[in-house]
Amino acid sequence: MSDKIERIKTLIIGSGPAGYTAAIYAARADLKPIMYTGMEPGGQLTTTTEVDNFPGYADGVDGPKMMMDLQKQAERFGTEVRMGMVTEVELSDKPGGIHKACVDNATWVEAESIIISTGATAKYLGLPSEQRLRGGGVSACAVCDGFFYKGQDVAIVGGGDTAAEEATYLANICSKVTMLVRGDQMRASKAMQHRVNSTKNIDVRFNTEVDEVIGEQVVEGLRMINNETGEKEQIEITGLFIAIGHKPNTDIFKGKLTMDDTGYLITEGKSTKTNIPGVFASGDVQDKIYRQAVTAAGTGCMAALDAERYLAEIESEEGEEVKTTKKVEA
């Protein structure tokens, strides 16, 4: 049996909208992409019952079906989709250098270019009732799912800028928004706090946490607890939005790629280039602002185009070196 390590032209790590869009463009550019899906093939959208805001689906689409459609499209152009998780990387800091990736702590592959699309994982409270009702009224994205609760009473958990922004977004379409803030004040900027406080149908509850999400198949209510007095109160709601942050899936890149304090990969200007030549980042792994399927797909396209240009430049430089060497030898 040969011990030769497989050489890949373009390795795509992650299989959400960013990864599959990168795969479609990379395959059409003859970059022969190979994708490793990660532990959650299809990404966060596979846990979403209905996607109503992705272009091209006039009647909406189930998250899992949409990801299957993207996978089929990527495979139609020649992408090889493999089950497996990249658990370690060794990156070359030289232009044209070969990068290495270990899959499932067992098999190493080499890659001329890498597109990282590992996404970010929403933080949840960890309550059994909350986890049971994910997709049944519990959501981590108000912009994605708020539309389904138009004219209804909902609640949101969090006290930062994201929670404040999502609360005001929900207030525009919902009858009432109950906002649960764990501390005695919001962490959001003064401007965002002012927006919340000046919105009449947002009821802010300080020193308040979720005790239990009520409902069997769908969210029917919420039991809250005051963490100072221990007093509990139950309200009727149909949707609960968790806005306590996201964790980018970048642990294997720590110390190897430039990232911000929370772990989001930093890209160069308006490109998807990281600080390592030939390594590109797309989707939620480098976007902590928009975090939408369509914006992730857009950066996946950008990453594939950046990778194509990078590889073309490397091949051109290598060709010039060969020509120069032949002239010297002659």
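Trainee: Which residues does D211 touch, if residues up to four places away in sequence are not counted?

Mentor: D211 touches L127, R223, M224, I225 and K232, once residues up to four places away in sequence are set aside. Please keep in mind as we go that this is a predicted model.

Trainee: Which side chains are joined to that of D211 by a polar contact of 2.8 Å or 3.5 Å?

Mentor: The side chains of D211 and R223 are joined by a polar contact of 2.8 Å, and a polar contact of 3.5 Å links the side chain of D211 with that of K232.

Trainee: In which strand is the place of D211?

Mentor: D211 belongs to strand β12. When you look at a strand, remember that in a regular one the side chains alternate between the two faces of the sheet.

Trainee: What is the order of the open sheet of three strands, and how are they paired?

Mentor: The order is β12-β13-β14, the sheet is open, and the pairing is antiparallel. Its edge strands are β12, residues 208-214, and β14, residues 232-236, each of which pairs on one side only. From one strand to the next, the twist averages 25 degrees.

Trainee: Over how many bridges do β12 and β13 pair?

Mentor: β12 and strand β13, which covers residues 221-226, pair in the antiparallel sense over six bridges, and V213 has L222 in β13 as its bridge partner. On the pairing of β13 with β14, there are five bridges, again in the antiparallel sense, and M224 has E233 in β14 as its bridge partner.

Trainee: Which residue takes a positive phi in the hairpin of β13 and β14?

Mentor: It is G230, with a phi near 80 degrees, in a hairpin that has five residues between the strands. As a general idea, most residues other than glycine have a negative phi. With that in mind, look at K32, a residue other than glycine whose phi is positive, near 50 degrees; K32 lies in the loop between α1 and β2, the latter being residues 33-36. D104 is also a residue other than glycine with a positive phi, here near 55 degrees, and D104 is found in the loop between β5 (99-103) and β6 (107-116).

Trainee: How should I read a sheet of five strands, and what is the order of the strands here?

Mentor: Follow the strands by their neighbours: the open sheet runs β8-β15-β9-β10-β11, with parallel pairing. At the edges stand β8 (138-139) and β11 (202-206), each with a single partner strand, so one side of each has no neighbour in the sheet. Within this sheet, strand β9 (residues 153-157) and strand β15 (residues 239-242) pair in the parallel sense over four bridges, and V154 stands opposite G239 in β15.

Trainee: And helices, how are they described when they pack together?

Mentor: Two packed helices are described by the angle between their axes and the distance between the axes. Take helix α1, residues 17-28, and helix α2, residues 63-76: their axes come within 8 Å and cross at roughly 20 degrees. That angle makes α1 roughly parallel to α2, since angles under 35 degrees count as roughly parallel. The crossing of α1 and α2 is left-handed.

Trainee: Which residues in α1 meet which residues in α2?

Mentor: From α1 there are P17, Y20, A23, I24 and A27, and these meet M67, L70, Q71, Q73 and A74 in α2. Sorted by class, the contact of α1 with α2 has eight nonpolar residues, two polar ones and no charged ones.

Trainee: At what angle do α5 and α6 pack, and how many Å apart are their axes?

Mentor: Helix α5, residues 161-171, and helix α6, residues 190-197, pack at an angle of about 30 degrees, and their axes are 9 Å apart. The two helices α5 and α6 are therefore roughly parallel to each other, and α5 passes α6 in a left-handed crossing. D161, A164, E165 and T168 of α5 make the contact with M192, R195 and V196 of α6. By class, the residues of the contact of α5 with α6 divide into three nonpolar, one polar and three charged.

Note on methods:
Residues are numbered from 1 along each chain as its sequence is written. This is a predicted model: local features need pLDDT of at least 70, side-chain atom pairs count only at pLDDT 80 or more; totals for chains, interfaces and linings use all residues. Side-chain values use heavy atoms; hydrogens and water are left out. Axes are lines fitted to C-alpha atoms, for helices over the stretch in contact, and angles run from 0 to 180 degrees between N-to-C directions. Angles under 35 degrees count as roughly parallel, over 145 as roughly antiparallel, 65 to 115 as roughly perpendicular and the rest as oblique. A crossing is left-handed if the near helix is turned anticlockwise from the far one by less than a right angle, and right-handed if clockwise. Contact means heavy atoms within 4.5 Å. Ala, Val, Leu, Ile, Met, Phe, Trp, Tyr, Cys and Pro count as nonpolar, Asp, Glu, Lys and Arg as charged, and the others, Gly among them, as polar. Two strands pair if DSSP finds at least two bridges between them. A polar contact is a pair of N or O atoms within 3.5 Å; within protein, one must be able to donate a hydrogen and the other to accept it, and residues adjacent in sequence count only if both atoms are side-chain atoms.
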